[in-house]
Amino acid sequence: MSEGAHYRFPPSEAYPLNRCLYALKSDPAFIERFLADPVAATLEMGLTEGERADLRRMDRDALVARGAHPYLVFMAGLRLKIAAEPGALEYF
Amino acid sequence: MLVGAFAVAHTPQLLIRPETEDRDLVLRVHAAMGRVKRRLQELRPDAIAIVAGDHVEAFFLDAVPALAVYVGRECAGTFGPYRYRLDIHEPLARAVVEQGIERGFDLLYTQDAKLDYAFYVPLHFVMPEPARPIVPLHVNVYLPPQPTPARCHAWGAALGEILRARPERVALIASGGMSHFPGTDRYASPEFDYDRALLDLLRDGRGCDLARVTGEELDKRGNIELRTWITLLGAVGDVRAEVYCYEPSWHHGNAVVEWPLETA
């Protein structure tokens, strides 16, 4: 797969970042910890200062440039948004 | 025995609709999925085999299987307030993994992985009553390198042979598609014309052509999930597709399709 692909091989140096995004996407207990204390939660995941800053802003392009998987960025962001402002959702 | 074949979109907005999602469009897709449910009632399957691509839910980077089979008593998953627990048709699932491996496909199997929404969003809407046990079949679509379309097609052909030789009546569902680019700068501009051309090809009974597309092409067109459809096409062959709906939203080409099969 070329480097220009939308979804690329996740580089191993981005593993802690992707693991953090995965937890934000799929682990409700971690989301609670993150919302209560984002610094502690992201340190627990072993994120660098730069990664933590990009995550705080949910800066997709910067996170993807660091090797974050775009889908994980997308869903982690969505989960945090729903947690912050549940809004009007219709359940079928 | 293979008695039915369908492809169904699994966009989570079909299950939990935010205000940004056109309600009428969502209801039209629901109506098409309702047709699938009625068809499944008529076809009386003993089991539903569903091919889906995990959204980095069951399998994270600790292990990334290209092809996997859920073999166990039941499987479970959650999404928002939804809690799913579905029975697995264990003898069939076990036959698929054993015979798949005999045929040269190095399948991973799991008795414990979480079930991704790609499996249960379609089943939420199409599961006949009473509910049938399922066989969840995973194809890696989101974590490169993914299996090639040709490999998916070959696996589907083997899967079709395995299912046809079984005593159970089995319906096969491919979950996912069509064009969408979640998490990328292309999210708001899917390739709907590509989808429409592809549906024309499928209506003409030329599904096998899809075995020749490349992984690069699927990525470029927002159609990495079509690997599930290509797997199904390997199983059903060049049957003409009946398109129940194609509903492009601002971010996703939602399709519901049947390949009507000749059954005794």
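Trainee: Where does B:Val56 lie?
Mentor: B:Val56 sits in the loop between S3 and strand S4 (67–70) of chain B, where helices (H or I, at least four residues) and strands (E, at least two) are DSSP runs numbered from the N terminus. This is a predicted model, in which local features need pLDDT of at least 70, side-chain atom pairs count only at pLDDT 80 or more, and totals for chains, interfaces and linings use all residues. Residues are numbered from 1 along each chain as its sequence is written, while chains are lettered from A and ligands numbered from 1 in the order in which they are written.

Trainee: And what is the phi of B:Val56?
Mentor: Phi of B:Val56 is positive, about 50°, although the residue is not a glycine.

Trainee: Is B:Val56 buried or exposed, and why?
Mentor: B:Val56 counts as buried because it has 23 C-beta neighbours inside 10 Å. A residue is buried if 20 or more other C-beta atoms lie within 10 Å of its own, exposed if 12 or fewer, and partly exposed in between, with C-beta atoms placed from the backbone.

Trainee: What about B:Arg44, where is that found?
Mentor: B:Arg44 is in the loop between helix H1 (23–43) and strand S3 (47–52) of chain B, and its phi is also positive, near 50°, in a residue other than glycine. B:Arg44 counts as exposed, because it has 12 C-beta neighbours inside 10 Å.

Trainee: Switching topic, which peptide bonds are cis?
Mentor: One cis bond joins B:Glu129 and B:Pro130, with omega about -5°, and B:Pro130 belongs to the loop between H3 and strand S8 (134–139) of chain B. Another runs from B:Gly177 to B:Met178, with omega near -5°, and B:Met178 is in the loop between strand S9 (170–175) and helix H5 (192–203) of chain B.

Trainee: Why is H3 of chain B largely enclosed?
Mentor: Helix H3 (residues 117–126) of chain B is largely enclosed by the rest of the structure because 9 of its 10 residues are buried, among them B:Tyr117, B:Phe119 and B:Val126.

Trainee: How many residues does each chain give to the contact?
Mentor: Chain B gives 24 residues and chain A gives 24, two residues being in contact if their C-beta atoms, placed from the backbone, lie within 7 Å. On the side of chain B that touches chain A, strand S2 (16–18) and helix H6 (215–220) are the elements giving two or more residues.

Trainee: How many bridges join S1 of chain A to S2(B)?
Mentor: There are 3 bridges between strand S1 (residues 89–91) of chain A and S2(B), and the strands run antiparallel; there, A:Leu89 stands opposite B:Pro18. Two strands pair if DSSP finds at least two bridges between them.
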